[in-house]
Amino acid sequence: MNIIVLQLFIAGRTPRTEHAISTLRQLIEQRLIGYPCELVIVDVLTDPQQAEERHILATPTLIKMLPLPQRRIIGDLADADGLLAALSLPPLSSA
Amino acid sequence: MEYADLPLVPSVESDAQLQTIANTSTDGMLIVDADGRVRFVNPAAEGLLRRRASDLIGQIFGLPIIISEAVEINLIQADGKLLATEMRTVAIVWEGAPAQMILLRDLTDQRRAQEAVRDAEGFSRAILNSLTHHIAVLDDAGTIILVNDAWHQFAMENGDPQLTATGVGMNYFAVCSTSSGANAQEVPAVVQGMRRVLHGDLPAFELDYPCHSPDEERWFQMRAVPLHGPRRGMVISHTDITDQRRNAQAAAESAALRAQLLAREREIVALGALSSTERRPSGVAQTLRSEEALRTANPTLFREYVGRYADLLESLVDERGFEARNTDATVRTLASSLGNLFISARDVVEIHLAALRSRSVGVAPSRQQAYLEEGRVLLLQLMGFLVAYYRDGLVA
């Protein structure tokens, strides 16, 4: 089973970013159950180097590193269904 | 072939038209393909990102996801600075393939304006909260849209801690209309007054009303004035005027007492003048002093008797309400002492008035009234004993 690696780039902790993080964690726990998942959160304010290396042009940006192909999405990260579709991840029902 | 190497020349005429429009737009525009890779950048977007189009073409910006009409994102400029931006998207066909046009609008000015508004609102609120008046702002329908801390505090202390009855969102006309208790009869006048202010028929409406708590008597002044500015509405303030009313009442009582005191003084001086013209009893023709008033003939002695008289007056006032009084013997002793000096009625009156004045300075009006009342009784009693002394040679 392929590991899922997600990388989220945010700019500081705001209510919106907290909401996005919460949505992603719920999505991993409920919709991607059974898949080994890794969520890495990068704050561009404290770690600008990573943003530069990845050529991040805006926040919030979510990158699906694995499984390939990589996908990068930007904007509203509060809609679990939209995220799954955009990331081409298997839309699993909750256990 | 790399995307950055792709020619910027559009493949079809519609692309050329779109590019022409985009190049004149003040909003930033990016076109990304199905992978989120940048295929077109207009000059405004170059400015927002502080990057040249040639550096952006071929880069992956990301696939935009927008739940509602627009979303706020931060663009990361070439120097690492963040720029708050509103992002919208339109699905288009670009170079014959499905693509997304991303529209970007700088929110800096909007943010500044919002901050300025917030600052102004915060400043206004701070001013309102620094006032001790209880203030509520109503809209043109009478709905409370803002209350200050003093209003909140008063509501908390008077049965509405959560402001469920008198807080923001409640209609103040309805609040007044459901008012019960001692002020209920004034409600129609209050509501009518407020409505007239709201409609511009009255410049202001004021009403003093009692609002007694179980522990104390309180008075308030309600004032309604129109809200000046583009929004129609009204400002209601309630001010605790209990102290002012108490002071005014005390001043009125003091004035009345002063008038009474003056009247009594005139009466007694007249009585003293009459008495001083009477002849002394034949048996006491040899006086210890001349016909000159004690006050001028012997000021030290006069002050001593004023002091004794004042102490006696103090005791009488303190003993008010008690049936058994212990001051009779003292009054007799004082009468005998004064009789030994062949004191005239005028001297007694002067001692009385001087003692009354000395005791009335700086005391409450109710105490002044007590001195007056007890003083009249004491004066008559002393005169009676003195007459007995001069007639019989002793105080019975």
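Mentor: Start with one pair of residues: B:Ala136 has B:Ile236 as its bridge partner in β11(B). This is a predicted model, so local features are described only where pLDDT is at least 70. The pair sits between two strands of chain B, β7 (residues 134-139) and β11 (residues 233-240). These strands run antiparallel and are joined by 6 bridges. Another pair is B:Ile135, which stands opposite B:Ser237 of β11(B).

Now look at the other neighbour of β11(B). Strand β10 (residues 219-226) of chain B is joined to β11(B) by 7 bridges. That pairing is antiparallel too. Here B:Ser237 of β11(B) turns up again, as the bridge partner of B:Arg223. So what are the two bridge partners to remember for B:Ser237? They are B:Ile135 and B:Arg223.

β10(B) and β11(B) form a hairpin with 6 residues between the strands. In this hairpin, look at B:Gly229: the phi there is positive, near 140°.

Next, the whole sheet. The order is β8-β7-β11-β10-β9, all of chain B. That is an open sheet of 5 strands with antiparallel pairing. As a general point, strands of a sheet pair through backbone hydrogen bonds, either parallel or antiparallel. The edges are β8 (144-147) and β9 (205-210) of chain B. Each has a single partner strand, so one side of each has no neighbour in the sheet. On average, neighbouring strands are turned by 20° against each other, direction ignored.

A helix packs on this sheet. It is α5 (residues 149-157) of chain B, and the strands touched are β7 and β8 of chain B. The direction of α5 makes about 105° with that of β7(B).

Now step back to chain B as a whole. Chain B contains 13 helices and 11 strands. Of its 396 residues, 25% count as buried. Take the contacts in chain B with a separation of 6 or more: 50% of them join residues 24 or more positions apart.

Helix packing comes next. Two packed helices are described by the angle between their axes and the distance between the axes. Follow α10 (residues 299-318) of chain B. Its packing against α11 (residues 328-340) of chain B has an angle of about 165°, with the axes 11 Å apart. Angles over 145 degrees count as roughly antiparallel. α10(B) and α11(B) are therefore roughly antiparallel to each other. Their crossing is left-handed. From α10(B), the contact takes B:Tyr305, B:Arg308 and B:Leu312.

The crossing is right-handed. On the α10(B) side the contact residues include B:Tyr305, B:Val306 and B:Tyr309. On the α12(B) side they include B:Ile351, B:His352 and B:Ala354. This contact has 8 nonpolar, 2 polar and 2 charged residues.

β3 (residues 58-59) of chain A pairs with β4(B) over 2 bridges, in the antiparallel sense. A:Thr59 has B:Asn74 as its bridge partner in β4(B), and A:Ala58 stands opposite B:Leu75.

The contact between the chains takes 19 residues from chain B and 19 residues from chain A. On the chain B side, β3 (63-65), β4 (71-76) and β5 (82-94) each supply at least two residues. β4(B) gives the most, with 5 residues. The side of chain B that touches chain A has 14 nonpolar residues, 5 polar and no charged.

Conventions
Residues are numbered from 1 along each chain as its sequence is written. Chains are lettered from A and ligands numbered from 1 in the order in which they are written. This is a predicted model: local features need pLDDT of at least 70, side-chain atom pairs count only at pLDDT 80 or more; totals for chains, interfaces and linings use all residues. Two residues are in contact if their C-beta atoms, placed from the backbone, lie within 7 Å. Helices (H or I, at least four residues) and strands (E, at least two) are DSSP runs, numbered from the N terminus. Ala, Val, Leu, Ile, Met, Phe, Trp, Tyr, Cys and Pro count as nonpolar, Asp, Glu, Lys and Arg as charged, and the others, Gly among them, as polar. Two strands pair if DSSP finds at least two bridges between them. Axes are lines fitted to C-alpha atoms, for helices over the stretch in contact, and angles run from 0 to 180 degrees between N-to-C directions. Angles under 35 degrees count as roughly parallel, over 145 as roughly antiparallel, 65 to 115 as roughly perpendicular and the rest as oblique. A crossing is left-handed if the near helix is turned anticlockwise from the far one by less than a right angle, and right-handed if clockwise. A residue is buried if 20 or more other C-beta atoms lie within 10 Å of its own, exposed if 12 or fewer, and partly exposed in between; C-beta atoms are placed from the backbone.
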